[in-house]
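The sequence and structure are shown first.

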Amino acid sequence: MSSGILSKPETFVADTWNVQRIRADFPVLQQTINGKPLIYLDNSASSQVPQVVIDRGSIYIEQEHSNIHRGVHYLSQKATTAYEGAREKVKRFINARDVRECIFVRGATEGINVVMHGYGRKFIGAGDEIIISAMEHHANIVPWQMLCEEKGARLRVIPMNDAGELLLDEYDGLLNERTKFVAVMHVSNALGTINPVKEMIAQAHKYGVPVLIDGAQAAPHMPVDVQDLDCDFYAFSGHKMYAPTGSGIVYGKLELLEQMNPFQGGGDMIKTVTFEKTIYADPPNRFEAGTPAIASQIGLGAAIDYLNSIGREQAAVYEAELLRYATERVSAIEGVRIIGTAKNKASVLSFVIDDIHPHDIGTILDQEGIAVRAGHHCAQPVMQRFNVPATARASFAFYNTKEEIDVLARTIERVIEIFG
Amino acid sequence: MSELSELYQQVILDHNKKPRNFRKLEAPSHTAEGYNPLCGDQMTVYLNIAGDQVEDVAFEGSGCAISKASASMMTQAVKGKSKEEAEALFREFHSMVIGELNEETEENSLGNLKIFAGVREFPVRVKCATLPWHTLHAALNKQDQVSTE
């Protein structure tokens, strides 16, 4: 991890986090739901957008709207500068070597699909093996399954223990000379587990195997340094880190991107086109066919500025304290079971209550203005692993408060009362 | 919490806790599986139809209180009915929970199924209440699977 950005993060204590000042930055948090103040605990699904990010997107729409990379006119140059400026911010945010390694995508899902189509379909064949983990989001299962089906390759799955931690010895056992790709999530959306991806990447590299990290749940919660991790690909969504939907990044090492096929064909991804042959553009444009979500991607750049301005490491310390407090409060309620008890967790609290379906929990919490996710979290194999049909999930951001967690805990008690 | 107590009435909570006809029928004449991919609810409805009459009906599966109670009360409601009557109930139930039928002012045969009227205040839960009915409809029409997505 790159340290030294902030003077002394180790001396920071969560109590000094000025959460009310932070909350004022988020217009959505100022409203009431069913007559109650909104308590937004569905940040793993999508996080809220601060005013400065909204403003930056609006400036593009109001004053700079035009297409990028195309016009010689003033507005197109302004838009292109803003768009490429956002890419530059992303590069610094994840400490990429080269700005050309940062490809704008719609979100982590599209990022993974860029790699599956561009790298996987070119380099993975019959009899090859792809390793994923038992806790993956469907976004990091289905594309690889599609590839296996198409090519006759085999999907191998790293199992996990009852706490929701990957079994690294089993992972070692799965790696072999047939392994051609590893795709694992950095942080689990369903369980909160932070996986030891740096070690897992090093292990795969011993076999010369490239690794994709699904960072959708990590980028909002912790500093990400792709050079330190030495990952080959890293995908994340903007809308889970305080930017608008439709923004996101897949990072790839330049030498890999240069060998890859485009994901989609169209405008802006070519050097020359004739009816006989098309020469593709170099990365990143090769992977960005058509007009992108310009306002959203510029917004992603603004969200990165915002995260840097409030202090990413302090935010992480505060979120860790929220998780600790919520875990203590919620697990103390009789009949509640926490799903995902890894030692190393991000601020995600999945839980079930004996004989009460998560959907019913979600509806009752909603009546109190509390937004949680109830369902399988696009991770049905995780639900099967823990033998539950679904869970309720509260996921915290640095704008949540301990008072909100108190209301959550009281309302969970009320749920249990109703169902007697 | 008035809308909430409309939704989770004692009768519904009771059927959730002790679902009626919650079992498998051996050798059913009709059966179908229903899924709600949004929440992972899964339900199998079994029917024994003799002539035109629903002689026996049962269900199995996992789901929320609303879907389970709805299935439980559905099995009680359609037992002994003709296929046509069961289908008519399905249509009325569906119209009620999506707010197109006023169960109090318009003529209907819903009887105690009216208790599910409160679901219409919770649009995301409508699919929970209708999943068993969609599954029943699929079974009656010899479809194997139905999804409410």
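How many residues make up the hairpin that joins β11(A) to β12(A)? The hairpin runs through four residues between β11(A) and β12(A).

## Model and confidence

The structure is a predicted model. For the complex, the predictor reports an ipTM of 0.88 together with a pTM of 0.92.

Chain B has a mean pLDDT of 92, with 98% of its residues at 70 or more. Among the elements of chain B, helix α4 (residues 83-97) of chain B has the highest mean pLDDT, 97, whereas strand β4 (residues 145-147) of chain B has the lowest, 73. Where pLDDT is low, the predicted coordinates should not be read in detail.

## Overall form of chain A

Chain A contains 14 helices and 17 strands. Its radius of gyration is 22 Å, close to the 22 Å given by the globule rule for 420 residues, so chain A is as compact as a globular protein of that length. Along the principal axes, the C-alpha atoms of chain A fill a box of roughly 70 × 55 × 40 Å.

Of the 420 residues in chain A, 50% count as buried. Among the contacts in chain A with a separation of 6 or more, 71% are between residues 24 or more positions apart.

A:Ile270 has A:Tyr280 as its bridge partner in β12(A).

## Domains of chain A

The domain assignment divides chain A into domain 1 (9-45 + 311-419) and domain 2 (54-308). The C-alpha centres of domain 1 of chain A and domain 2 of chain A are 28 Å apart. The contact between them takes 22 residues from domain 1 of chain A and 25 residues from domain 2 of chain A.

On the side of domain 1 of chain A that touches domain 2 of chain A, the elements giving two or more residues are α11 (312-331), β14 (348-353) and α13 of chain A. α11(A) gives the most to this side, with four residues. By class, this side of domain 1 of chain A has ten nonpolar, seven polar and five charged residues.

## Contact between chains A and B

Which elements of chain A each supply at least two residues of the side that touches chain B? The contact as a whole takes 15 residues from chain A and 14 residues from chain B. On the side of chain A, the elements that each supply at least two residues are α12 (358-367), β16 (373-375), α13 (380-385) and α14 (402-419). The largest share of this side comes from α12(A), which provides five residues. By class, the side of chain A that touches chain B has seven nonpolar, seven polar and one charged residues.

## Helix α12 of chain A

Helix α12(A), which gives the largest share to the side touching chain B, is mostly covered, with eight of its ten residues buried. The buried residues in α12(A) are A:Pro358, A:His359, A:Asp360, A:Ile361, A:Gly362, A:Thr363, A:Ile364 and A:Leu365. After α12(A) comes A:Gly369, which has a positive phi, near 80 degrees.

Definitions and conventions
Residues numbered from 1 in each chain as written. Chains lettered and ligands numbered in written order. Predicted model: local features only at pLDDT ≥ 70, side-chain atom pairs only at ≥ 80, totals over all residues. pLDDT = per-residue confidence, 0-100. Pairing = 2+ DSSP bridges. Contact = placed C-beta atoms within 7 Å. Nonpolar A, V, L, I, M, F, W, Y, C, P; charged D, E, K, R; others polar. Rg over C-alpha atoms; globule rule 2.2 N^0.38 Å. Buried ≥ 20, exposed ≤ 12 C-beta atoms within 10 Å, placed from the backbone. Domains from an automatic or database assignment.
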